[in-house]
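I opened this notebook to record what I looked up, one entry at a time.

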Amino acid sequence: MRYDPWSILRRLTDSFVRAYCVFEADLSRPRPTIPRNPDLVVRLFRGIDDLEAATAALVPAGLRPEDISARMCKGDLVSVGFLNGTPAAYTWTRFGDISVKELGLTIRPRTREVIQYDSLVLKRFRRQGLQFAIAAPVLDYLQQHGYATGLAWVNLLNRPSYKNQRKWGKKLIMTIVSIKLPGMEQRRNVSLGAPLDCLFTNP
């Protein structure tokens, strides 16, 4: 078993303190070149007409049908990567407000901005560059539809996800430290780098 001290530290501290980094992607920037995987097929799903196909693709990946339906009804876009016909990875994009449950806040995109969230590569398919591969068609779609920037948040202690944001050349615009100590009814959030209310509001 691979020893991951960051993951252990995250589990030990998560109940009372969390740190999340908010990254901004300039969709007009050149992207890193990704070697093509001939066994990978990436499909985009959006809207009620794609609900049945998206559900068939994502339930085997661990998502619940009711969650998929709720997201698709909101107009979310999902990119799913299939390796030899098997769902291997997915990433979601929201075109409006979204709740950040980890922080107890709502993030509101600015003009011509989207929110990229809930990205996952299934465990047996990791270390094959799939996160980049499934995100590239999404970025093409967003550029074609006039969007300029994308926001994403990752746990500071989730080092693979953090490093992936950096590899894409995304800009770190805010770090949020969220604290909930014994006896506190609600989380207390402190932002570094930018005011919290420039992107977030209470639910």
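The entries below go from strand pairing to a helix and then to aromatic rings.

I note that this is a predicted model, in which local features need pLDDT of at least 70, side-chain atom pairs count only at pLDDT 80 or more, and totals for chains, interfaces and linings use all residues. Residues are numbered from 1 along each chain as its sequence is written, and side-chain values use heavy atoms, with hydrogens and water left out.

Entry on strands. I took helices (H or I, at least four residues) and strands (E, at least two) as DSSP runs numbered from the N terminus, and I called two strands paired if DSSP finds at least two bridges between them. Strand 7 (residues 113–121) pairs with strand 4 (residues 86–94) in the antiparallel sense over five bridges, and with strand 8 (residues 149–155) in the parallel sense over three bridges. I found Ile115 of strand 7 to be the bridge partner of Arg94, and its partner in strand 8 is Leu151.

Entry on helix 4. Just after helix 4, Gly146 takes a positive phi of about 85 degrees.

Entry on rings. I searched the whole structure and found four aromatic pairs (ring centres of Phe, Tyr or the six-membered ring of Trp within 6.5 Å; planes under 30 degrees apart are stacked, over 60 edge-to-face, the rest tilted). The rings of Phe95 and Tyr147 have centres 5.4 Å apart and planes at 55 degrees, so this pair is tilted.
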